[in-house]
Amino acid sequence: MAKIIDGRAVAASVRAGLKAECEQFYADNGFRPGLAVIIVGEDPASQVYVRNKEKGCNEVGFYSEVYRLPADTTEETLLALVDKLNKDDKIHGILCQLPLPKHLDETKVILAIDPSKDVDAFHPENVGKIMIGNYSFLPCTPAGVMKLIESTGVDISGKECVVIGRSNIVGKPQAMLLLQKNGTVTICHSRTKDLAEVTRRADILVVAIGKADFITGDMIKEGAVVIDVGMNRKDDGKLTGDVDFASCEPKASFITPVPGGVGPMTITMLLQNTMTSAKNHLK
Ligand code: NAP
């Protein structure tokens, strides 16, 4: 039987630390770390994420601004807003909620955000810094996964780490962070031959595919640490991960549930990045 990694508890403890840090920051400097979130259009999932980001800011005492723009917003208007926020001293973190409506070029928008305020760590300058291990911001979801692994007390050094998924926002940076902790890292994707043969080698398995209950108990090693990044909506509306919890939990040593695992960590790490940015802007 695995120990369940309680993402809500780990997130609450990081947020409590951030709240105390924010009060000290305010006492010392007379202003609060500030996060600006831009959302374009009405995508319901994005609306929820943005509300949660706003709530997270309130919880830890940050200043926040949310810009809700109509779906037909032009690229020119969006880029002008990003430019204004880049120059705004009250704002230390800027994020534009993705996906954007099809007529807007996401890459252009990411490139327009000042890398020193890019708290999502999507700008190529920040991606490059992660590669060389000299970064200000870590991408939020992989950083959250690292905190969860840390919470288990399992040392990553020398372990077989397998990441399934190679997206720019999860899989690739996740592999890099595990490598920086001296894991022996393998990245799998849709062209991987005999996926189960690779996943069965994993002491630490991080799954970010986007397919409900895809990883089953026969695909994992006895005693593995299993981190499920997946968030999939089933037909009945329930949220489920990429890992079949029922068959993996008896074999794993630690496992994250969905919901209540990686999800709560992502926004928490965004808040952490905003704190870091505010401190960097003092320098
Ligand atoms: P993505 O961009 O769609 O990438 C999915 C990856 O899975 C791709 O690299 C793909 O391989 C690989 N894949 C697909 N089918 C596969 C198969 N049969 N075997 C092996 N690999 C396969 O997704 P993402 O943005 O990384 O997100 C992944 C999941 O995490 C989604 O469920 C998403 O909702 C969730 N997510 C959660 C959070 C959170 O805060 N909890 C944050 C971000 C994402 P190819 O590259 O070969 O196509």
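Predicted model: local features only at pLDDT ≥ 70, side-chain atom pairs only at ≥ 80, totals over all residues.
Residues are numbered from 1 along each chain as its sequence is written, and side-chain values use heavy atoms, with hydrogens and water left out.

Where does serine 190 sit? You will find serine 190 in the loop between E6 and H8. Labels like these come from DSSP runs numbered from the N terminus: helices are H or I runs of at least four residues, and strands are E runs of at least two. Serine 190 is 98 residues from histidine 92 in sequence, and their C-alpha atoms are 37 Å apart in space. The loop between E6 and helix H8 (195-199) also holds aspartate 194. Aspartate 194 is not a glycine, yet its phi is positive, about 50°.

Another residue of this kind is asparagine 182, a non-glycine with a positive phi near 70°. Look for asparagine 182 in the loop between helix H7 (171-180) and strand E6 (184-188). With a relative accessible area of 51%, asparagine 182 counts as exposed.

At the N-terminal end, aspartate 6 caps H1, with a side-chain oxygen 3.1 Å from the backbone nitrogen of arginine 8. This is a polar contact (a pair of N or O atoms within 3.5 Å; within protein, one must be able to donate a hydrogen and the other to accept it, and residues adjacent in sequence count only if both atoms are side-chain atoms). After H1 comes glycine 30, with a positive phi near 75°.

Several residues of H1 are buried, among them Val10, Leu18 and Phe25. The buried residues of H1 pack against helix H2 (44-60), helix H6 (140-152) and helix H10 (263-282). Contact here means heavy atoms within 4.5 Å. On the H1 side, Arg15, Leu18, Lys19 and Cys22 meet Gly56, Glu59 and Val60 in H2. The axes of H1 and H2 are 8 Å apart, and the two helices pack at an angle of about 60°. That makes H1 oblique to H2. Angles under 35 degrees count as roughly parallel, over 145 as roughly antiparallel, 65 to 115 as roughly perpendicular and the rest as oblique. The axes are lines fitted to C-alpha atoms, for helices over the stretch in contact, and angles run from 0 to 180 degrees between N-to-C directions.

Across the whole structure, a search finds zero disulfides. Cysteine 22 is buried at 0% relative accessibility, and cysteine 57 is buried at 1%.

Finally, the peptide bond from leucine 98 to proline 99 is cis, with omega near 0°.

Key:
Disulfide = S-S within 2.5 Å. Buried < 20%, exposed > 50% of the residue type's maximum accessible area, 1.4 Å probe, protein only.
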